[in-house]
Amino acid sequence: MQHTRRTVLRLARALVPVGLGLALSASGAFAQDYPTRTVTMVVPFSAGGTTDIFARLLAEKLTKSLGQPVIVENKAGAGGNTGSDTVARATPDGYTLLMGTIGTHAINSSLYTKMPFDPQKDFVPVAFAAGVPNVLEVNPQKVKAKTVQEFIAEAKAAKPPLTMASSGNGTSIHLSGELFKQMTGVDMTHVPYRGSGPAVNDLVGGQVDVMFDNLPSSIGQIRAGTLRAIAVTSLKRSPALPDVPTIAESGVPG
């Protein structure tokens, strides 16, 4: 157990400069000179999404701090459960890490009748990951609305209903959209993907109409004008998009 604490502390210290975080499988003992070989960081979603972006930034910093290669491996599926289970079942030696999310370690337990792992017992948290807002964004070629109220009116009038992409069933992106639907009375057809990356690609391409994406994985397209940001889900406006209002200040409190 002393070796476990030492390894967690070393990983945590290495994370301080970038303010990100991860978890590793629980129990087991680690060598005092850890790490002596390549470390794998599993991202339980496809490449291109916010979790993947953070993981790759983190892996680069950890490689320099720990003196050993840290590689990112994407294992998408089941709302993040597939990749998370891979780490839970891995040899608990500190060489297989997980970039977990609120979905994998909080939401999924309420959505799946049988979880393949215990999010509390099967992992050791190392550090808190950066918190990011979700952004209500649309394909400007398919949706004319520029404000939340305009979007609500357009969505209610749409026949057939607008299509709403997400990074997977039960993810925070999916639940943000479902909460918005419940609060506003709009009807949108949910289209789940295996991560934000492919969902954003299809949103830009016009295969779907709207998405409540994590801001980091869409900000490039928003700034380029291929996506239009309507509002952010945070309590305050994001410094990255200061001209984009919050959903609450746009007339949908809560």
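Q: Which residues are buried in helix α8?
A: A residue counts as buried under 20% relative accessible area, as exposed over 50%, and as partly exposed in between (1.4 Å probe, protein chains only). Helices (H or I, at least four residues) and strands (E, at least two) are DSSP runs numbered from the N terminus. In α8, which spans residues 215–224, the buried residues are Leu215, Ser217, Ser218, Ile219 and Ile222. An α-helix has 3.6 residues a turn, so residues three or four places apart point the same way. The model is predicted: local features need pLDDT of at least 70 and side-chain atom pairs count only at pLDDT 80 or more, while totals for chains, interfaces and linings use all residues. Residues are numbered from 1 along each chain as its sequence is written, and side-chain values use heavy atoms, with hydrogens and water left out.

Q: What do the buried residues of α8 pack against?
A: Packing is read from contacts, meaning heavy atoms within 4.5 Å. The partners of these residues are α2 (50–66), β6 (134–138), α7 (196–205), β9 (210–214) and β10 (228–232). After α8 comes Gly225, with a positive phi near 90°.

Q: Which residues have the most contacts inside the largest nonpolar core?
A: A nonpolar core is a set of buried Ala, Val, Leu, Ile, Met, Phe, Trp, Tyr and Cys residues joined through side-chain atoms within 4.5 Å. The largest has 20 residues, and Phe151, Phe180 and Met188 have the most contacts inside it. At least two residues of this core come from each of β6, α5 (148–157), β7 (162–166), β9 and β10. Helix α5 gives the most, with 4 residues. Leaving aside residues up to four places away in sequence, Phe180 touches Leu136, Val148, Phe151, Ile152, Val186, Met188, Phe212 and Ile247. A second, separate core of 17 residues includes Tyr193, Val200, Met211 and Ile219.

Q: Why does Asp93 count as buried?
A: Asp93 counts as buried because its relative accessibility is 18%. This residue is found in the loop between α3 (81–89) and β4 (96–98). The side chain of Asp93 reaches the backbone nitrogen of Tyr95 at 3.1 Å.

Q: How many helices and strands does the chain have?
A: The chain has 8 helices and 10 strands. Of its 254 residues, 50% are buried.

Key
Polar contact = N/O pair within 3.5 Å; in protein donor to acceptor, adjacent residues only side chain to side chain.
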